[in-house]
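Trainee: I'm new to this one. Could you walk me through it, one question at a time?

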Amino acid sequence: MASPEAGRAQPKLPERNCGYREVQYWDQRYQGAADSAPYDWFGDFSSFRALLEPELRPEDRILVLGCGNSALSYELFLGGFPDVTSVDYSSVVVAAMQARYAHVPQLRWETMDARQLDFPSASFDVVLEKGTLDALLAGERDPWTVSSEGVRTVDQVLSEVSRVLVPGGRFISMTSAAPHFRTRHYAQACYGWSLRHATYGSGFHFHLYLMHKGGELSVAQLALGAQILSPPRPPTSPCFLQDSDHEDFLSAIQL
């Protein structure tokens, strides 16, 4: 998560991580968002611009999922990408963004759940999300073994992304989740895209995943994707330090 500017009040955090999944939390958090400074998760536009811009064309129809009160949509507009639609399931923040950027009527803001988009199929050339999937997965007890509910939630979003993308369209996902946690979600043949990964940021690195609609996943990626619903691996047997003269202690080490 990007650090707030010096002197900016910290947003109120939910009592438990699972609160990030609830629209009620975001409605409360975004009260007064029209008059407050933007808040960008996982870096602002300048931190990943060099990775993002080569994938964009000025004429692209861009959809931003879970826009929150980020400045990303406006910065895309200023960067020469004027056709941007931003959605969030918090009607409070959508109203705030409509008010904040009323001077830019080209930008569109709509209240919508990323799991059930109200757009026709093949409506966008590019779909962006930054932290939306992270919020929907907040509260998972074990990032290595995501619950069936968590897997289903991510699949709902990714299925909708694939549906609204045109052939050759791009889905760009920015997150704190490293490949060993997130690749298996994206690497599903049913979405019909290829997958690449890059990192950005100084010090702590964030992750950018790029999917091209119409591309193919590698064999290794498909193998990772196949693990998404695998049962958790049983814990390895504990290895106790033993006297090597009496016990074959190497046999207790599971490599």
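Mentor: Strands (E, at least two residues) and helices (H or I, at least four) are DSSP runs, numbered from the N terminus. This is a predicted model, where local features need pLDDT of at least 70 and side-chain atom pairs count only at pLDDT 80 or more, while totals for chains, interfaces and linings use all residues. Residues are numbered from 1 along each chain as its sequence is written, and side-chain values use heavy atoms, with hydrogens and water left out.

Trainee: How many bridges join β5 to strand β7, and how do the two run?

Mentor: Strand β7 covers residues 206-213. Within this pairing, Met174 stands opposite Leu208 in β7. The two strands run antiparallel, and the number of bridges joining them is six.

Trainee: What is the bridge partner of Leu128 in β5?

Mentor: Look at strand β4, residues 124-130. Six bridges join β4 to β5, and these two run parallel. Leu128 has its bridge partner in β5, and that is Ile172.

Trainee: How many residues of strand β5 are buried?

Mentor: Buried means under 20% relative accessible area, exposed over 50%, and partly exposed in between (1.4 Å probe, protein chains only). Strand β5 spans residues 165-175 and is largely enclosed by the rest of the structure, because the buried ones among its eleven residues number nine.

Trainee: What span should helix α6 have?

Mentor: The expected span of a helix is 1.5 Å times one less than its number of residues. Helix α6 (residues 148-164) has 17 residues, and its end C-alpha atoms are 24 Å apart.

Trainee: Which backbone oxygen does the side chain of Arg100 reach?

Mentor: Arg100 is found in helix α4, residues 91-100. With 15% relative accessibility, Arg100 counts as buried. Its side chain reaches, at 3.4 Å, the backbone oxygen of Asn69.

Trainee: How far apart in space are Arg196 and Tyr209?

Mentor: Arg196 lies in strand β6, residues 193-200. Leaving out residues up to four places away in sequence, Arg196 touches Glu55, Leu208, Tyr209 and Leu210 (contact means heavy atoms within 4.5 Å). Arg196 and Tyr209 are 13 residues apart in sequence, and their C-alpha to C-alpha distance is 5.7 Å.

Trainee: How many aromatic pairs does the structure hold, and what kind is the pair of Phe42 and Phe206?

Mentor: Rings of Phe, Tyr and Trp (its six-membered ring) pair if their centres lie within 6.5 Å; planes under 30 degrees apart count as stacked, over 60 as edge-to-face and the rest as tilted. The structure holds twelve aromatic pairs. For Phe42 and Phe206, the ring centres are 5.4 Å apart and the planes at 45 degrees, so the pair is tilted.

Trainee: How many residues apart are Phe42 and Phe206?

Mentor: Phe42 is buried, with a relative accessible area of 6%, and Phe206 counts as buried at 9%. Phe42 sits in the loop between α1 and α2 (45-52), whereas Phe206 is in strand β7. The pair links distant parts of the chain, and the separation is 164 residues.

Trainee: Which element of the chain has the highest mean pLDDT?

Mentor: pLDDT is the predictor's confidence in each residue, from 0 to 100. The chain averages 83, and 79% of the residues score at least 70. Helix α1 (residues 23-29) has the lowest mean among the elements, 69, while the highest, 98, belongs to strand β1 (residues 62-65).

Definitions and conventions:
Two strands pair if DSSP finds at least two bridges between them. A polar contact is a pair of N or O atoms within 3.5 Å; within protein, one must be able to donate a hydrogen and the other to accept it, and residues adjacent in sequence count only if both atoms are side-chain atoms.
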